[in-house]
Amino acid sequence: MKSPPIVPLPVPSVRAYDTPNDAGGSITVEWELSPVDSVVRMYEVYRLEGSPEAEPVSAGFVLRGTQKFQDNNLKDGETYYYFVRTWVGEEYADSRLSNPAVPSAQWFHTGRKSALVILLIYGGLLFYYLQQARSGKPLYIRKIAGLEAVDEAVGRSTEMGRPILFIPGIGYVSDIPTLAALAILKRVAKKAAEYEAEIIVPNFDPIVMTAAQEVVKEGFMEAGRPDLYNEKNVYFLTADQFGYAAGVDGIMVREKPGAVFLQGVFYAESLILAETGHSIGAIQISGTTSVTQLPFFIAATDYTLIGEEMYAASAYLSRDPLSLSTIKAEDVAKLGFIAVFLIGILLETLAAITGNQALHFFKNWFSLF
Amino acid sequence: MMRRTIPLIITFISGILLVFALFIPHKPFGNLEERFNDWYIIVSGFTMILGMDSLLLHHWNKIRRRQADWFHSAALIVAFAVTLVWGFYSGIKVGNPFDPKSTFLQYFYTYVFVPLQATMFSLLAFFIASAAYRAFRARTLNATLLLVAAVVVMLGRVPKGSGASVVLFGIALVALAVGLVLHGRSLVDLRGQLLAYGGAALSILAIIPIAKYFPTYLPAVADWIMNIPQLAAKRGIFIGIALGGIAMSLRIILGIERTYLK
């Protein structure tokens, strides 16, 4: 027996409002799903500009189960009305007209209040410790094994008469880990120049290559050995991920470096590089902020700079008081976070045990942001 | 002096503007990041020429000096030239070098480039095995904990892993019991023997709860390891990275960190 055709039913209500936290020119339309949503082909959103009597224009469509549509490229200050057409097969039903909505731009992103508060507190801490450093107060920074081993790795490589291989990863110069890697490269280059060792830097990105050439040159100049600098050793390899991995593996196998530095942004090629480095018996110091690659580096290399240790590297190695002050502020901020977590855990656990809702005040205060 | 000062001023203004842009959606701040990224893409497009220059010069020198494996460099330069010429030819003939009608590049991509990439990627399986072997050798308490956690997660997340876990842990416990019995036989003092035989008996008895509870609870334990201790450690690292990133950015914006400059 053939079932009767399903009649399209309109969406019960439509609401239009200025899209919050945007640069203007956008209205968000929301609706309740049609009672026959499961058989709806699509919801088509119509826009009426200026007045409810204006000619409707299709603004776009979404598939069934969707309750929101963002209409962009509108005129700020103009009034818009919307209705939603529910399509079932070739049949349709129109909803009532929405309320009028006027797009406008906002001067503050309310969704980023918490980020602003944290940034202000953290910024305050940074400036406080900068002032402390300027006044000449000594700052204690804990030892970082991976950075302590930099000189050892360069020295070992020199003793073995092998070159040093520095791999700045597959990040771009706009990535902070790549900039941190360049800071480490400078120190490695300086040490290599002092020991008269050869340093090879294959690059994934031409801009990083240009920056790396300058950094290595600067390192050699600081060591007083600009004559030893060889620009040809800092070169572009390829901008393809696995092509880069294959190229660097080839360099490792051919040149047999005594020390390998893997610093910067890494993805799936991290273990391929680190294991090849291990197979040639090089001392390896890795560092990345790619959390998914850290276990590979920890398993395959001798020393690993975990996350923020990499960012701390340039300050740690240069011992510049101003740079060190930012690390001090970072450590204090971390202490603050730990304290907040502990208080939160304690209060929430107590609330769960005692059933006292008042104890949720701490969590609720944070949810205000 | 000016060579450093002007870039530092540009860095400071750009950095501060982008910080403002994060909190101000209104024009002209709203799409500032997008616009800066567009500029970056334009600049990086031009620097590709620098990259090509570096690459070709590097390999040309290898050929010129007849360095070891120089023919690999020759292959690279030939492949580069052929791809470039064919790309231009396809661009002129078809209108787009990446058009499916541009058969050479399509053929090259499908039958050379993709298999080569897949080959490199597949090496990862072997490298994971060798790295895991080194990391999981139970020499220290940390390595042992890592080994146990890894085994539980692996068995808890693979099909039929729970059933296999009973067999694997059963074999391990039987081996432990045999080892303890042999050790006990080599001992002379009664207390030591009793401890060894008792341990062996306990190992055998432990097979019963493993057989009973592992198939039911192993996936839950694996999920717990992934969702609680693993995620907690990961989030800790993320917080450190975020704070470190802000500190590094401020160092760059304020001109304290300038290693990237000439």
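A: Helix 8 (residues 308-318) of chain A and helix 9 (residues 321-354) of chain A have axes that come within 8 Å and cross at roughly 150°. The axes here are lines fitted to C-alpha atoms, for helices over the stretch in contact, and angles run from 0 to 180 degrees between N-to-C directions. Helices (H or I, at least four residues) are DSSP runs, numbered from the N terminus, as are strands (E, at least two). Helix 8 of chain A and helix 9 of chain A are therefore roughly antiparallel to each other (angles under 35 degrees count as roughly parallel, over 145 as roughly antiparallel, 65 to 115 as roughly perpendicular and the rest as oblique). The crossing of these two is left-handed, meaning that the near helix is turned anticlockwise from the far one by less than a right angle; clockwise would be right-handed.

On the helix 8 side of chain A, the contact (heavy atoms within 4.5 Å) is made by A:Glu308, A:Ala312, A:Ala315 and A:Tyr316, and helix 9 of chain A brings A:Ser323, A:Leu324, A:Ile327, A:Glu330 and A:Lys334. By class, that contact has 5 nonpolar, 1 polar and 3 charged residues. Ala, Val, Leu, Ile, Met, Phe, Trp, Tyr, Cys and Pro count as nonpolar, Asp, Glu, Lys and Arg as charged, and the others, Gly among them, as polar.

Some ground rules: this is a predicted model, local features need pLDDT of at least 70, side-chain atom pairs count only at pLDDT 80 or more, and totals for chains, interfaces and linings use all residues. Residues are numbered from 1 along each chain as its sequence is written, chains are lettered from A and ligands numbered from 1 in the order in which they are written, and side-chain values use heavy atoms, with hydrogens and water left out.

Zooming out, chain A is divided into domain 1 (14-94), domain 2 (110-136 + 322-367) and domain 3 (145-319), with bounds from an automatic or database domain assignment. The C-alpha centres of domains 1 and 2 of chain A lie 42 Å apart.

Now across to chain B. Helix 1 (residues 113-134) of chain A packs against helix 7 (residues 190-253) of chain B at about 60°, with axes 11 Å apart. That makes helix 1 of chain A oblique to helix 7 of chain B, and their crossing is right-handed. A:Leu119, A:Tyr122 and A:Leu126 meet B:Leu243, B:Ile246, B:Ala247 and B:Leu250 there.
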